[in-house]
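Hello,

Here is the structure I promised to pass on. Please have a look, then read the notes below.

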Amino acid sequence: MKPPVALQLYTVRRPLVADLRATLQRVYNLVYRAVETYPFPPELPAEMVAAALVEFGLEVAALHTELPTHENVDRLAAMSALFRCRQMIWHGWPRGSLRRR
């Protein structure tokens with residue numbers, strides 16, 4: 001089975017914070033059936049987002065997270081379970097880790 005085409009929720013982060021339900025309804029109306037998460041701001045608790053995604057029938061295709069480490073692996077595993085998604089994508093390099101040559 002092919003993976004679904006998913007919308008990266010970071011691209012609608014401002015409307016998502018302003019009105020979670022209306023934004024997810026619009027995402028659904030645009031014919032998306034899957035999304036990719038991002039590290040949500042405090043105004044959007046993960047539990048609230050997860051419940052709203054279920055309400056609108058939106059599957060989580062991938063979780064964009066920080067690089068898993070011994071310190072955060074339990075939290076990331078809980079996030080994976082909450083969103084019913086096993087696919088995690090590391091969203092970038094740690095700040096200051098690249099040196100200019």
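**What was found**

Glu36 stands opposite Ala62 in β3. These are predicted coordinates: local features need pLDDT of at least 70, side-chain atom pairs count only at pLDDT 80 or more, and totals for chains, interfaces and linings use all residues. Residues are numbered from 1 along each chain as its sequence is written, and side-chain values use heavy atoms, with hydrogens and water left out.

The sheet comes next. Strand β2 covers residues 34-37 and strand β3 covers residues 59-65. They pair in the parallel sense over four bridges. Two strands pair if DSSP finds at least two bridges between them. Strands (E, at least two residues) and helices (H or I, at least four) are DSSP runs, numbered from the N terminus.

The open sheet has four strands, in the order β1-β2-β3-β4, with parallel pairing. At its edges are β1 (6-8) and β4 (88-90), and each pairs on one side only. From one strand to the next, the twist averages 25°. Axes here are lines fitted to C-alpha atoms, for helices over the stretch in contact, and angles run from 0 to 180 degrees between N-to-C directions.

Two loop residues deserve a mention. Val31 is found between α2 (20-29) and β2. Its phi is near 80°, a positive value in a residue other than glycine. Val31 is exposed, with a relative accessible area of 62%. Exposed means over 50%, buried under 20%, partly exposed in between (1.4 Å probe, protein chains only).

Arg84 is found in the loop between α4 (73-82) and β4. Phi of Arg84 is positive too, near 50°. Arg84 is exposed at 65% relative accessible area.

Best wishes
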